[in-house]
Amino acid sequence: RLKHKFDSMLGGEGSMHGDGSLRAECGYSTFEYASPVIQFTPVNIQKVIKFLDSLPSMFVKINRTCGFHTHISFKGITKKDAVWALASMASDGSYEEFLKLGRTNLYRAPYAKPTFLHKAYSYAKNGQYRRMVDVIVDNEKYRSIRIHPQGTIEWRGPRTFLNTIKHSKNVAFFKKLSKFIMKINESLDKDYTSTISKVEFMSYANSRLNSLYFKEENVSHKSERLAEALMRRPNTINH
């Protein structure tokens, strides 16, 4: 019933399931809700803010074990896009802007750690590009900003700003999210940052990209397996 309400308000089919990392207070049950894919438009931003504002009226309560994960993607995103966007934010220190919302931290160990970003910034500043690549090109789950295997840049950081649900906080969060998306867009249009060029970074990163699991390869791998199967058994097409 609650899932149906969520889906109706967000205009699509989401999914709801349990999550062992959540802890409920007496009288409450825990769940994780994954929303439908929502295009980032002014109308949809208003829709999601209204949805967040209404959570208390649906008897939904958030505590410190809860997380709010935002996945950003676009058609045709590649591994190179994702790692360069993250490297750009890390190398110029702009990632710091996305670790706080006012006085609220948008990160929390061990679920959303920013440590690797601090390391990458330091490595870039000191010209240690191989070490920078080692910490950036990774699918590690518990990072505040993550390259997700499903082909998104996942901002896992927001964990506590919903503890006290306020309209002003929800609006402030989406202003911050807009800046995050703009930063990704800007990085994809740039061939350099203040400390490293894209060509130089990718020359080190290319050797590690094969070990980075990413959705863009799933389709090609399935296609390759199908082609190999048909070559082994051409008569399969007859069936």
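Contact, as the word is used in this briefing, means heavy atoms within 4.5 Å. The model is predicted, so local features need pLDDT of at least 70 and side-chain atom pairs count only at pLDDT 80 or more, while totals for chains, interfaces and linings use all residues. Residues are numbered from 1 along each chain as its sequence is written, and side-chain values use heavy atoms, with hydrogens and water left out. Helices (H or I, at least four residues) and strands (E, at least two) are DSSP runs, numbered from the N terminus.

**Helix 2 and helix 6**

- Ile45, Val48, Ile49, Leu52 and Asp53 of helix 2 are in contact with His167, Asn170, Val171 and Phe174 of helix 6.
- Sorted by class, the residues of this contact are six nonpolar, two polar and one charged, where Ala, Val, Leu, Ile, Met, Phe, Trp, Tyr, Cys and Pro count as nonpolar, Asp, Glu, Lys and Arg as charged, and the others, Gly among them, as polar.
- Two packed helices are described by the angle between their axes and the distance between the axes.
- For helix 2 (residues 42-53) and helix 6 (residues 167-189), the axes come within 9 Å and cross at roughly 145°; axes are lines fitted to C-alpha atoms, for helices over the stretch in contact, and angles run from 0 to 180 degrees between N-to-C directions.
- Helix 2 and helix 6 cross in a right-handed way, a crossing being left-handed if the near helix is turned anticlockwise from the far one by less than a right angle, and right-handed if clockwise.

**Helix 3 and helix 7**

- The axes of helix 3 (residues 79-91) and helix 7 (residues 198-209) cross at roughly 125° and come within 11 Å.
- That angle makes helix 3 oblique to helix 7, because angles under 35 degrees count as roughly parallel, over 145 as roughly antiparallel, 65 to 115 as roughly perpendicular and the rest as oblique.
- The crossing of helix 3 and helix 7 is right-handed, and the contact is made by Lys79, Lys80, Val83, Trp84 and Ala87 of helix 3 together with Lys198, Phe201, Met202, Asn206 and Leu209 of helix 7.
- In this contact of helix 3 with helix 7 there are six nonpolar, one polar and three charged residues.

- Three strands form an open sheet in the order 3-7-6, with antiparallel pairing; two strands pair if DSSP finds at least two bridges between them.
- Strand 3 and strand 6 stand at the edges, each with a single partner strand, so one side of each is left without a neighbour in the sheet.
- From one strand to the next, the twist averages 30°.
- Strand 3 (residues 70-72) is joined to strand 7 by three bridges, and the bridge partner of His71 in strand 7 is Glu154.
- Strand 6 (residues 145-148) is joined to strand 7 by four bridges, with Thr152 in strand 7 as the bridge partner of His148, while Arg146 stands opposite Glu154.
- A hairpin is formed by strand 6 and strand 7 with three residues between them, and Gly151 in the turn has a positive phi of about 95°.
- Strand 7 (residues 152-155) is covered on both faces, with Thr152 and Glu154 on one side and Ile153 and Trp155 on the other all buried; buried means under 20% relative accessible area, exposed over 50%, and partly exposed in between (1.4 Å probe, protein chains only).
- Strand 6 is likewise covered on both faces, by burial of Ile145 and Ile147 on one side and of Arg146 and His148 on the other.
- Helix 3 lies across strand 6 and strand 7, and runs at about 170° to strand 6.

- Lys183, which lies in helix 6, is buried, with a relative accessible area of 14%.
- Apart from its neighbours within four places in sequence, Lys183 is in contact with Met89, Asp92, Ser94 and Phe98.
- Arg208, found in helix 7, is partly exposed, with a relative accessible area of 24%.
- The C-alpha atoms of Arg208 and Asp138 are separated by 8.8 Å, although these residues are 70 residues apart along the chain.
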